[in-house]
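Subject: Structure for your attention

Dear colleague,

Please find the structure below.

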Amino acid sequence: MCEGHDHTHATVQNPLSENKDRRVPVVQNILNANDRAAAENRQHLEEHNITAINIMSSPGSGKTTLLMATIKAMGENGSIGVIEGDVASQVDADKIAETQTPVVQINTGGGCHLDAPMVHSALHALPLDEIKLLFIENVGNLICPVSFDLGQSWKVALISVPEGHDKPYKYPGIFEAVDVVVVTKADLMPYMDFELDTFKELVHGLNPNAPVLVLSAKTGEGMDSWVKWLEEHRV
Amino acid sequence: MHELPVTESILKIVTEHAAEAGAKKVMSIDVVIGELSSFIDDTIQFYFDILSPGTLAEGAKLNFKRINTRFRCRKCGQEFEPEGQNWLCPNCGALGGDVIAGKEFYVDSIEVE
């Protein structure tokens with residue numbers, strides 16, 4: 001049965017029918033409310049000439065470590081600010097604060113992702129006039145954060161070498177959605193069976209335009225490619 | 001864990017459309033969920049049964065339509081569904097493709113009386 005035929009049935013009322021039930025077409029995106037809040041965030045950030053980077057990955061893949069290394073590598077010219085998202089604790093925000101970088105911690109209280117209204121509140125707690133590059137560290141999770149637009153300029157997926165090169169098969173959504181993929185903990189490559197070429201092939205099978213950068217925030221190897229990417233993508 | 005706010009959002013969309021249509025009661029709600037969106041049907045119905053009493057949608061049944069992930073091959077244009085670790089185009093053998101289905105998450109229609 002073709003779709004057009006279905007459609008006719010759905011919209012034409014049968015005058016002989018005793019049945020009072022009617023079907024009302026809705027077709028409305030369930031995440032509309034979040035998307036509206038994200039659009040407001042985006043406008044707010046643009047007014048302040050801030051480039052916002054939404055960083056998503058599994059827990060423990062090295063988001064905070066990469067941020068610490070990025071703050072160090074970019075120095076004062078970075079004008080960096082950070083929003084830290086975690087289920088609980090201030091551990092990550094405390095680490096960032098030691099570098100004198102403006103930071104706000106969001107605790108989601110069990111929530112598995114950040115959403116746009118949470119980021120909106122965090123934006124109001126930051127000195128936006130001092131910030132040019134805002135990192136939003138999402139809750140560690142490869143699934144849920146992907147569905148929620150925060151109003152960011154760019155989305156980044158981190159994957160650490162110990163997680164394995166087959167992650168795109170298991171979590172295609174995140175690799176399809178991001179603008180750049182960063183492979184972290186590259187210093188562990190000699191000890192792990194991470195097949196970098198296979199990983200790149202899978203990422204590009206989903207997302208041919210996303211560069212795959214490989215680095216170790218610990219040794220500094222490859223950090224230049226990440227800093228270069230940031231410089232090229234900030235306003 | 002994020003199904004509660006999502007269910008609140010579904011209830012709001014449904015009650016607004018039902019009121020607009022002059023309905024007395026919502027009988028059923030058709031929701032479309034793509035395989036790549038991160039939402040669990042049973043959990044949404046669970047929260048819905050807690051949230052809906054006292055609204056037009058009290059007792060309504062949620063019908064979920066799941067949409068499989070679908071690729072369109074970038075080399076030959078063939079559309080196909082990837083299965084597990086088989087992302088190869090059945091026509092030309094290229095790996096992956098543009099995701100043309102699987103990200104849906106919307107209220108499609110409601111049945112009212």
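Chain A contains nine helices and eight strands; helices (H or I, at least four residues) and strands (E, at least two) are DSSP runs, numbered from the N terminus. This is a predicted model, in which local features need pLDDT of at least 70 and side-chain atom pairs count only at pLDDT 80 or more, while totals for chains, interfaces and linings use all residues. Residues are numbered from 1 along each chain as its sequence is written, and chains are lettered from A and ligands numbered from 1 in the order in which they are written.

Of the 235 residues in chain A, 46% are buried (20 or more other C-beta atoms within 10 Å of the residue's own, with C-beta atoms placed from the backbone).

In helix H8 (residues 196-206) of chain A, the buried residues are Phe199(A), Leu202(A), Val203(A), Gly205(A) and Leu206(A). They lie on the same side of H8(A) because they cover an arc of only 160 degrees around the axis, taken from the directions from the helix axis to the C-beta atoms.

Yours sincerely

How values were computed. Buried ≥ 20, exposed ≤ 12 C-beta atoms within 10 Å, placed from the backbone.
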